[in-house]
Amino acid sequence: MYLSFIKEHFTPSQEELDILEAKETQDLYSDVQIQGGFIQVYSRQCSIFDSELYKKQLKVFQKYLLNYEKQNSKLNGLCLEKAFYVEQTYSLDCQVESPETWLREQVTVWQLPTDIVNKLNSKCFTFEDIAKRHGNQMVDIRIQDPNTDTFTPTIEQNCIANQMRIDEYCKYLKNKTEFFQKHTEYSSDKVLFAVNVDMDNWDEETGQLYEYMPQSLLKYDGLVYMRQFCLGVNIPQIYIKTKGVWTGGHQENSSVNSLNFNHGPGDCLWLTVDAQHVKKLYEIMPNLYQIEGLWFKEIDFFLENNIPIKYTIQKKGDLVILGAGCLHWVKSLGNTINTSWNLLVYSEDTFQQIYDRQLINDQYQISSVLPIKNLFLDIYIHRKSPVLKTFLHKFIQEDIDNYLKQSTKIKNCKKKFNSREVLQCNNCKMEIFIFYQIKNDQTFRCIKCLDGEEVEIFMKYKPTELILVLNAEKFSCSPTLCTRYMGNTECQLDKQTEEFQSESYQSSIDLSKSAEEQSKTKFTRRKEKSKTSKKSSQTQQQDRNSSAQTNHQNRQKRPYRKKTKGQDDLISEICTSQKSHKKNENNNTKSKLNKKIQKVQKLESSVKSVSSSGFDSHSQIQLIKKGKKQNEL
């Protein structure tokens, strides 16, 4: 079947030929083809190639049979890698432990229990619900060729069209033939993709999303130290997809971690290259960062060029977690809904990847969505890290060097105490760290882009203060450096501010109630007559103020819920699954143990018979426990 092709293009050893000629290998190859091919079968969570029994067959598939299947002798199947899947027996630990202790792979897939997925999607994440609740929201529509396989797509293969209402796009998903008959401006051989749908006003949806997501991914997230909300970063974005649409190859914003949940019903294909192998692709494609997000390339190119790559199918209910710096591109295999946002894991590798990407952004003048320099400072103040200390020293020195270069233009420099907000240079679009110029209330220039002569500049921090902070063994939160953060942090100043605001708000409510009671005693008769009337304007105003205060507080913090019904349900589902798994495992263990005991008794009886016959015998029997092997993270 395949031997002539293999002998023609390769020189397998005699042992490999014996394996290839075996009927077991031929039957396995036929079965694999029926299931979609070697790449799909190998990449599954529970693949037949995970078994030690098929270890030899796996090697010949990687070296020869994949080439025969694709009719391409240049493929290196050894470069095909597999994502890490969170086992049900381990998921409860991941639910409560910090991600830095278990999130060590570049691509991790966590399948949430079916009941939890259904509750999460209920009334929020179906096409019908989205069209009903947010149908009038306008979204960007990208027109794409579903068969794109290039680093340089044409406008016909990938371009932004006019905006469209969400309910109109959902009609396209429901009946494409009718849609194209009505909208003749679109070509029926292309696919439409509703991209980057902002969820900043989707309070119920984002609340439900956070409710049922693993809380360790919300609690232990460095992005809680961001000073502002950023769409797609610390506020989720939603993607509404049809079969064939694709997201171009890119690293996440500043190479931070990424979370992507598939609400279903369709699947998504993820192609990923680990951060450590991106340099290989960069050597082949020197303009890789200039064309970021614009290309889609099939897996064969990477196997031909010996670039390790992962092929992952994300099914409904799968949460894909990407490591820092992971290069990825995604294609939808059906109509589906995905939500995505970012995560920053507290690990040295993550900090290193972010710093390396910052250097790339500076080199190619790529504007960063995340203010990394300010974010690193805020994290370091509250969580000491030797790596962050090194990077911050470099950032400070860079600003000082630029200050010295521009010293002839500078008239004076003052510290601006109310400049805790994140600023961006209006000229080069880069992040402002220490020194900056104010042109007017809405225009800022970084130290590199000063405009004019003898200009007055400001500094957000004094460099000497920052260096003292970096060198201090202990540091207390200070109004000079700390600010109001967007998440629940370890900042003591932030906590004190929250307590003070809460107390102040409560005292204002108490005063309001007291004044209202005094007013009620003066107008008792009027009150009796108006018992059935509407609420007084004062009470209505108080309700509005209370509602506004509640909404403001909800918007100020990205919620981490310590104990909620959603989390109770999630943990309960995980525990039930684990108990069922352990019960089956215990039953298997008992049956194995009974067989071993029978063997031991049989052996002991034989030993006794030998001993009674006059021989001196010493027997040591070692029982080896062959439990299910746990994957080490």
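Predicted model: local features only at pLDDT ≥ 70, side-chain atom pairs only at ≥ 80, totals over all residues.
Trainee: How many helices and strands does the protein chain have, and what share of its residues count as buried?

Mentor: The protein chain has 23 helices and 19 strands, and of its 633 residues 47% count as buried. Among contacts between residues at least 6 apart in sequence, 79% join residues at least 24 apart.

Trainee: What makes H16 and H17 roughly antiparallel to each other?

Mentor: The axes of helix H16, residues 348–364, and helix H17, residues 372–382, cross at roughly 155 degrees and come within 11 Å. Angles over 145 degrees count as roughly antiparallel, and H16 and H17 are therefore given that description. The crossing in which H16 passes H17 is left-handed.

Trainee: Which residues make that contact, and how do they divide by class?

Mentor: From H16 come Phe351, Ile354 and Gln358, while H17 supplies Ile372, Lys373, Phe376 and Ile379. By class, the contact of H16 with H17 has five nonpolar, one polar and one charged residues.

Trainee: Why is H17 called oblique to H18?

Mentor: H17 packs against helix H18, residues 386–405, at an angle of about 135 degrees, with the axes 10 Å apart. An angle over 145 degrees would be roughly antiparallel, and 65 to 115 would be roughly perpendicular, but the rest, unless under 35, count as oblique. The angle of about 135 degrees falls in that remainder, and therefore H17 is oblique to H18. Their crossing is left-handed.

Trainee: What residues meet there, and of which classes are they?

Mentor: Lys373, Phe376, Leu377, Ile379 and Tyr380 of H17 meet Leu388, Lys389, Phe391, Leu392, Phe395 and Glu398 of H18. The residues of this contact divide into eight nonpolar, no polar and three charged.

Trainee: How do you know whether Tyr380 counts as buried or exposed?

Mentor: Tyr380, which lies in helix H17, has a relative accessibility of 4%. Buried means under 20%, so Tyr380 counts as buried. Leaving aside neighbours within four places in sequence, Tyr380 is in contact with Ser385, Leu388, Lys389, Leu392, Val469 and Leu470.

Trainee: What makes H3 oblique to H5?

Mentor: Helix H3, residues 23–34, and helix H5, residues 55–70, pack at an angle of about 55 degrees, with their axes 12 Å apart. Roughly parallel needs an angle under 35 degrees, and roughly perpendicular needs 65 to 115, so the angle makes H3 oblique to H5. The crossing of H3 and H5 is right-handed. Glu24, Thr25, Leu28, Tyr29, Val32 and Gln33 in H3 meet Gln57, Phe61, Leu65, Tyr68 and Glu69 in H5, and by class this contact has six nonpolar, three polar and two charged residues.

Trainee: Which residues have the most contacts inside the largest nonpolar core?

Mentor: They are Tyr169 and Leu192, in a core of 53 residues. Strand S7, residues 191–198, gives the most to this core, with six residues. Not counting residues up to four places away in sequence, Leu192 touches Ile141, Arg142, Ile143, Met164, Tyr169, Tyr172, Phe179, Tyr186, Thr242 and Val245. A second, separate core has 50 residues, including Val60, Leu65, Leu327 and Trp329.

Note on methods: Residues numbered from 1 in each chain as written. Heavy atoms only, no water. Axes fitted to C-alpha atoms, helices over the stretch in contact; angles between N-to-C directions. Helix = DSSP H or I, 4+ residues; strand = E, 2+ residues; numbered from the N terminus. Left-handed = near helix turned anticlockwise from the far one by under 90°. Contact = heavy atoms within 4.5 Å. Nonpolar A, V, L, I, M, F, W, Y, C, P; charged D, E, K, R; others polar. Core = buried A, V, L, I, M, F, W, Y, C linked by side-chain atoms within 4.5 Å. Buried < 20%, exposed > 50% of the residue type's maximum accessible area, 1.4 Å probe, protein only.
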